[in-house]
Amino acid sequence: MLQLKYIRDNKQEVIDRLKIKNFDASDLVEELIKVDETRRSAQKELDDSLAVSKQLSKEIGMFFKSGQKEKAEEAKIKTTELKQKAKELESLMNNSAEEVRRILFEIPNLPHSSVPAGKSEADNEIIHEEGEMPKLAADAKFPHWELTDKYQIIDFELGNKVTGAGFPFYRGKGARLQRALINFFLDEAINAGYIEYQPPLLVNEASGFGTGQLPDKEGQMYHDAQDNLYLIPTAEVPLTNIYRDLILKEADFPIKNVAYSNCFRREAGSYGKDVRGLNRLHQFDKVEIVQIQHPHKAYDTLEEMKEHVANLLRKLELPFRILRLCGGDVSFTSALTIDFEVFSAAQERWLEVSSVSNFESFQANRMMCRFKDKDGKTNLVHTLNGSALALPRIVAALLENNQTVEGIKIPKALVSYTGFDMID
RNA sequence: GGAGAGAUGGCAGAGUGGUUGAAUGCGGCGGUCUUGAAAACCGUUGACCGUUCGCGCGGUCCGGGGGUUCGAAUCCCUCUCUCUCCGCCA
């Protein structure tokens, strides 16, 4: 969430910048400022009144000690009156404070100045394109869902039977390919200086709230009502929430964490060709990188993370492009997001395999994650994360792009991880 | 699942109704000493909100919420979480 003080001081700027995200904040901002004023004046009055009764209480204590009972009784009456007034002021203050928070939750993060205007993904800006587009022979041009059947490496039907759509079984070389990719991605991250974590796959409400999944995206997460825990949609949630309610030291920067995890997404409302085969699953595997950084260095870090992801795709020999998301496509919590898409040759479409974002202080403000600067002042940290990488669509592209009549070729960089160079 | 214990500052750990935001130790920061470091010694060291140009001043916070009282870290209720023992079990 945005900082209240920033909105107060830069009202028009906030409204203008949010227009890039196609978000009309004018009414919310007006209301926010009004309610905040109520809160502040209530607090001022309350504080003054508490100061008086606090002083009186101390005096009563002294009167009792020195045996001046009558004076004590007199003061008691006064404090009782003050108490009633304080109660009313307190509830006014609390109600306004709650209202302020409610409004703040509804206001998205401000987009970075480089975010292009636009309504939908069609308006995203392609900033880089790289790699050779595969040319498939006519007798070897099958979508991955046919290849997985042919080589019996992923069983969607079995998943339907045991769980439901979107929960496939990986089998034989399919399972080993998964394991190889996970290890490859983790090793690459560790070599780049990230600390590996194995996080919990279920998180509590406070964590879901900290990274911004709650309250608005509640329907996208699987929820265990009995224990009030949520299955993580990404390792970003546990990995970032490590730092909830902490005050870090400047020397701690940069914090670089990586985790492999299963990710669970309800994907309510998805349909059609988007969900065919591996294109969209309810459970999938992902290696996620997270950085906590000094505000001044956050955008350099974003570049570094972008380069890390690009290198993974180069090593996997997949043609890819990088997009800067437009205002309409950048998420609620993000200031700037860069997507990576790989070309999947048989489907002949670009598949999103990574999303790298800078949240600036938006998550940090929700999580109360701060650091002490050189002058001893506390400031909010900046948080960033990115997929490095999400597996299913990588597998889809690998299968489709590398298919031959003899079988599916494994890219060189992966062979030492898979232990085989061909799926046949 | 059953029984019990507990939740205090970055950490450890006192405090059972009256200037207690909270003893003490550790850690952190500054200094003395030292060629430098360590040790020792001295000093300092919470967060949030409001107010002020600033110094400052006021308020809140001892797991969360509610209550008793003129006054609560301290008493009562309630919720959550953690730990220990038993049971079950990878």
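User: Axes here are lines fitted to C-alpha atoms, for helices over the stretch in contact, and angles run from 0 to 180 degrees between N-to-C directions. With that settled, how do the axes of H2 and H3 cross?

Analyst: The model is predicted, so local features need pLDDT of at least 70 and side-chain atom pairs count only at pLDDT 80 or more, while totals for chains, interfaces and linings use all residues. Residues are numbered from 1 along each chain as its sequence is written, and chains are lettered from A and ligands numbered from 1 in the order in which they are written. Helix H2 covers residues 11-19, and its axis comes within 10 Å of that of H3, crossing at roughly 155°. H2 is therefore roughly antiparallel to H3 (the term applies to angles over 145 degrees). Helices (H or I, at least four residues) and strands (E, at least two) are DSSP runs, numbered from the N terminus.

User: Which residues make that contact?

Analyst: H2 supplies Lys11, Val14 and Ile15, and H3 supplies Ser26, Val29 and Ile33 (contact means C-beta atoms, placed from the backbone, within 7 Å). By class there are four nonpolar, one polar and one charged residues. Ala, Val, Leu, Ile, Met, Phe, Trp, Tyr, Cys and Pro count as nonpolar, Asp, Glu, Lys and Arg as charged, and the others, Gly among them, as polar.

User: And H3 with H4, how do their axes cross?

Analyst: H3 (residues 26-65) and H4 (residues 69-106) have axes that come within 7 Å and cross at roughly 155°. H3 and H4 are therefore roughly antiparallel to each other. Their contact has 21 nonpolar, seven polar and 13 charged residues.

User: Which of them gives the most?

Analyst: H3 does, with 14 residues. The surface near RNA strand B has four nonpolar, seven polar and eight charged residues.

User: What domains does chain A have?

Analyst: The domain assignment gives domain 1 at 4-106 and domain 2 at 121-423. The C-alpha centres of domain 1 and domain 2 lie 44 Å apart. The contact between these domains involves four residues of domain 1 and four residues of domain 2. On the side of domain 1 that touches domain 2, two residues are nonpolar, one is polar and one is charged.

User: What is phi of Asp245?

Analyst: Phi of Asp245 is near 60°, a positive value in a residue other than glycine. Asp245 is in the loop between helix H9 (236-241) and E8. Most residues other than glycine have a negative phi, and most peptide bonds are trans.

Key
Parallel < 35°, antiparallel > 145°, perpendicular 65-115°, else oblique. Domains from an automatic or database assignment. Contact = placed C-beta atoms within 7 Å.
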